[in-house]
Amino acid sequence: MSDLIVHHHLHRQRDFSERTFGPYSRPLRTEGVIDHIERELIEIKGKPNDLEEWVDLIILACEGALSQGHSPEAIAYAWEAKQTKNEGRTWPDWRTVEPGKAIEHDRTAEVLGRSAYP
Ligand SMILES: [Mg+2]
């Protein structure tokens, strides 16, 4: 996954974005991305079956990370690492969670100050 995202998308996105929207170092660049994400969330709520709206959110999430100076390689690595971290966490039985609400992982080990990993 890292190679595909880094070489075929995130570098392309970064080049396009800086050419079109200005350097990531421009003041309040991240705040602009956050404002856009908030608008996209409203669009998704109105059209949750629209794949393009979800892709807008993916692109904007990467824009936010790029605007904070994270490299395409770092984003791709963190993306995979976070998936692995999530897979290693303890999750509640989804049947016990109220439909329409976020399913949060078990934070017991974190609250006790222990690592969630053995
Ligand atoms: Mg949109």
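1. Which helices each supply at least two residues of the lining of the largest pocket? Helix H1 (2-21), helix H2 (29-46) and helix H3 (51-67) do. Helices here are DSSP runs (H or I, at least four residues), numbered from the N terminus.

2. On provenance: this is a predicted model, where local features need pLDDT of at least 70, side-chain atom pairs count only at pLDDT 80 or more, and totals for chains, interfaces and linings use all residues. Residues are numbered from 1 along each chain as its sequence is written, and side-chain values use heavy atoms, with hydrogens and water left out.

3. The largest pocket has a volume of about 460 Å³. Of its 17 lining residues, Ser17, Phe21, Ile59, Leu60 and Glu63 are the closest to its centre. A pocket is an open set of points on a 1 Å grid where a 1.4 Å probe fits, with protein on both sides within 12 Å along at least five of seven lines; lining residues have an atom within 4 Å of a point. Volume is the space filled by probe spheres set on the points.

4. H1 gives the largest share of that lining, six residues. By class, the lining holds six nonpolar, five polar and six charged residues.

5. The magnesium ion has protein donors Glu40 (OE), Glu43 (OE), Glu53 (OE) and Asp56 (OD), at 2.1 to 2.4 Å. Donors are N, O and S atoms within 2.8 Å of the metal (3.2 Å for Na, K and Ca); water is not among the atoms, so sites may look incomplete. Their spacing along the chain is E-x2-E-x9-E-x2-D. Glu40 in helix H2 and Asp56 in helix H3 are 16 residues apart, a pair linking distant parts of the chain.

6. Glu40 is buried, at 5% relative accessibility. Asp56 is partly exposed, at 24%. The cut-offs: buried is under 20% relative accessible area, exposed over 50%, partly exposed in between (1.4 Å probe, protein chains only).

Conventions:
Nonpolar A, V, L, I, M, F, W, Y, C, P; charged D, E, K, R; others polar.
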